[in-house]
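Here are my notes for you, written as numbered points. Keep the picture open beside them and look up each residue as you go.

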Amino acid sequence: MIDKEMKIEDVLRRYPQAIPVFERFGFDCAQCQLSEYENLEHGAKVHGIDLSVLLKELNESLAVKG
């Protein structure tokens, strides 16, 4: 389960099937050097994204084999 405290880079590494979700929300996380340090909650706030919607879609992506 992906939660708001997880570092963006950790999510990308563990769950590659989540990459399209980040892309749909306008996160260019693979190119961002801050993804190693930034958690999902902060990233969503900085990008003006509803955290609950982001987390819902990220967790739904876990059902997809990556």
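1. Start with asparagine 39, which touches Lys4, Glu5, Met6, Lys7 and Ile8, leaving aside residues up to four places away in sequence. A contact here means heavy atoms within 4.5 Å. Where does asparagine 39 lie? Look in the loop between helix H2 (19-24) and H3. Asparagine 39 and aspartate 3 are 36 residues apart in sequence, yet their C-alpha atoms are 9.2 Å apart in space.

2. Is asparagine 39 buried or exposed? It counts as buried, because its relative accessibility is 15%. The cut-offs are these: buried is under 20% relative accessible area, exposed is over 50%, and partly exposed is in between, using a 1.4 Å probe and protein chains only. The side chain of asparagine 39 also reaches the backbone nitrogen of glutamate 41 at 3.2 Å.

3. A word on where this comes from. The model is predicted, so local features need pLDDT of at least 70 and side-chain atom pairs count only at pLDDT 80 or more, while totals for chains, interfaces and linings use all residues. Residues are numbered from 1 along each chain as its sequence is written, and side-chain values use heavy atoms, with hydrogens and water left out.

4. Glutamate 41 turns up again in a salt bridge with lysine 4, at 3.7 Å from N to O. That pair ties together distant parts of the chain, 37 residues apart: lysine 4 sits in the segment before helix H1 (8-14), and glutamate 41 in helix H3 (residues 40-47). For a salt bridge, a side-chain nitrogen of Lys or Arg must be within 4 Å of a carboxyl oxygen of Asp or Glu. Lysine 4 is partly exposed, at a relative accessible area of 36%, and glutamate 41 is partly exposed too, at 33%.

5. How many salt bridges does the structure hold? The count is 5. Another of them joins the side chains of arginine 13 and glutamate 9 at 2.3 Å, N to O. Both residues lie in helix H1, 4 residues apart, which is about one turn of the helix. Arginine 13 is exposed, with a relative accessible area of 55%, whereas glutamate 9 is partly exposed at 25%.

6. Arginine 13 has a salt bridge with aspartate 10 as well, at 3.9 Å, N to O. Aspartate 10 and arginine 13 are 3 residues apart in helix H1, again about one turn. Through shared partners, the salt bridges join Glu9, Asp10 and Arg13 into one network. Aspartate 10 itself is partly exposed, with a relative accessible area of 26%.

7. Now the aromatic rings. The whole structure has 1 aromatic pair. Phenylalanine 22 and phenylalanine 27 make it, edge-to-face, with 5.5 Å centre to centre and 70 degrees between the planes. The rule: rings of Phe, Tyr and Trp (its six-membered ring) pair if their centres lie within 6.5 Å, and planes under 30 degrees apart count as stacked, over 60 as edge-to-face and the rest as tilted. Phenylalanine 22 is buried, with a relative accessible area of 1%, and phenylalanine 27 is buried at 4%.

8. Which helix holds serine 61? Serine 61 is in helix H4 (residues 51-61). At 6% relative accessibility, serine 61 counts as buried. Its side chain reaches the backbone oxygen of leucine 58 at 2.5 Å. Serine 61 touches Gln17, Ala18 and Val21, again not counting residues up to four places away in sequence.

9. Finally, step back to the chain. Its secondary structure comes to 4 helices and 0 strands, giving the pattern α-α-α-α along the sequence. Helices (H or I, at least four residues) and strands (E, at least two) are DSSP runs, numbered from the N terminus. Of the 66 residues, 36% count as buried. Among contacts with a separation of 6 or more, 62% come from residues 24 or more positions apart. The C-alpha atoms fill a box of roughly 30 × 20 × 20 Å along the principal axes.

Terms used:
A polar contact is a pair of N or O atoms within 3.5 Å; within protein, one must be able to donate a hydrogen and the other to accept it, and residues adjacent in sequence count only if both atoms are side-chain atoms.
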